[in-house]
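Dear colleague,

I am passing on the structure below, together with notes on what was found in it. Please read the notes with the coordinates open beside them.

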Amino acid sequence: DSSESAELACAKAIRDGVIDATINHEKGQLMSSEVLDIYSTIEPQQAFHKRIQFCLSMHNDAVKAMRYPPDAHKAKHDLTEEDDEEKKSEEEIAKEIEEELEEDE
């Protein structure tokens, strides 16, 4: 039972890419593949590139999430015609009240 569970664990490690080996079921052996100089390949560069892409993507998503809705800054500064009319009417009312107070004196 323990040899079968060891074989399953090794098979899973091979499948996941943790180790580079083959299993000889007849002899019950795990034959590891020839060790290559990993730095003579482009694999480290690809892994590094993948990590950088992930970080840049995360940064870009964060920046997009912080953006304000379009024209949000204009809402306070741009007055509509109705607002202008309301201000004028308030000014006219204030002048009328001042004139009435002056007449009463």
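Arginine 15 is exposed, with a relative accessible area of 64%, where buried means under 20% relative accessible area, exposed over 50%, and partly exposed in between (1.4 Å probe, protein chains only). Arginine 15 forms a salt bridge with aspartate 16, and the closest N and O atoms of that pair are 3.5 Å apart; a salt bridge is taken here as a side-chain nitrogen of Lys or Arg within 4 Å of a carboxyl oxygen of Asp or Glu.

Before going further, please note that this is a predicted model, in which local features need pLDDT of at least 70 and side-chain atom pairs count only at pLDDT 80 or more, while totals for chains, interfaces and linings use all residues. Residues are numbered from 1 along each chain as its sequence is written, and side-chain values use heavy atoms, with hydrogens and water left out.

Aspartate 16 also meets the side chain of lysine 12 in a salt bridge, at 3.3 Å from N to O, so that Lys12, Arg15 and Asp16 are linked in a network of salt bridges. The structure holds 2 salt bridges. Lysine 12 and aspartate 16 are separated by about one helical turn, because they lie 4 residues apart in helix H1 (residues 2-16). Lysine 12 is partly exposed at a relative accessible area of 46%, and aspartate 16 is partly exposed at 44%.

As to the overall layout, the chain has 4 helices and 2 strands, and its elements run α-β-β-α-α-α from the N terminus on; helices (H or I, at least four residues) and strands (E, at least two) are DSSP runs, numbered from the N terminus. Buried residues make up 2% of the 105 residues in the chain. The chain exposes about 10400 Å², of which carbon and sulfur atoms supply 54%, with accessible areas coming from the Shrake-Rupley method with a 1.4 Å probe and, for residues, only the protein chains shown counting as cover.

Strand S1 (residues 21-24) pairs with strand S2 (residues 29-32) in the antiparallel sense over 4 bridges, pairing being assigned if DSSP finds at least two bridges between two strands. Threonine 22 stands opposite methionine 31 in S2, and isoleucine 23 has leucine 30 as its bridge partner in S2. The two strands, S1 and S2, form a hairpin with 4 residues between them, and glycine 28 in the turn has a positive phi of about 70°. Histidine 25, which lies in the loop between S1 and S2, counts as exposed at 57% relative accessibility. Histidine 25 and glutamate 7 are 18 residues apart in sequence and 8.6 Å apart in space, C-alpha to C-alpha.

Two surface patches may also be of interest to you. Val18, Ile19 and Leu30 form a nonpolar patch on the surface, with about 250 Å² of accessible area together; patches are made of residues with over 30% relative accessible area and no salt bridge, like charges being joined within 9 Å and nonpolar side chains (Val, Leu, Ile, Met, Phe, Trp, Tyr) within 5 Å. Isoleucine 19 lies in the loop between H1 and S1 and counts as partly exposed at 32% relative accessibility.

A patch of negative charge on the surface gathers Glu90, Glu91, Glu92, Glu96, Glu98, Glu99, Glu100, Glu102, Glu103 and Asp104. Glutamate 100 has its place in helix H4 (residues 81-104) and counts as partly exposed at 48% relative accessibility.

With kind regards

Notes. Lys and Arg count as positive and Asp and Glu as negative; His and the chain ends are not counted. The place of a charge is taken as NZ of Lys, CZ of Arg, CG of Asp or CD of Glu.
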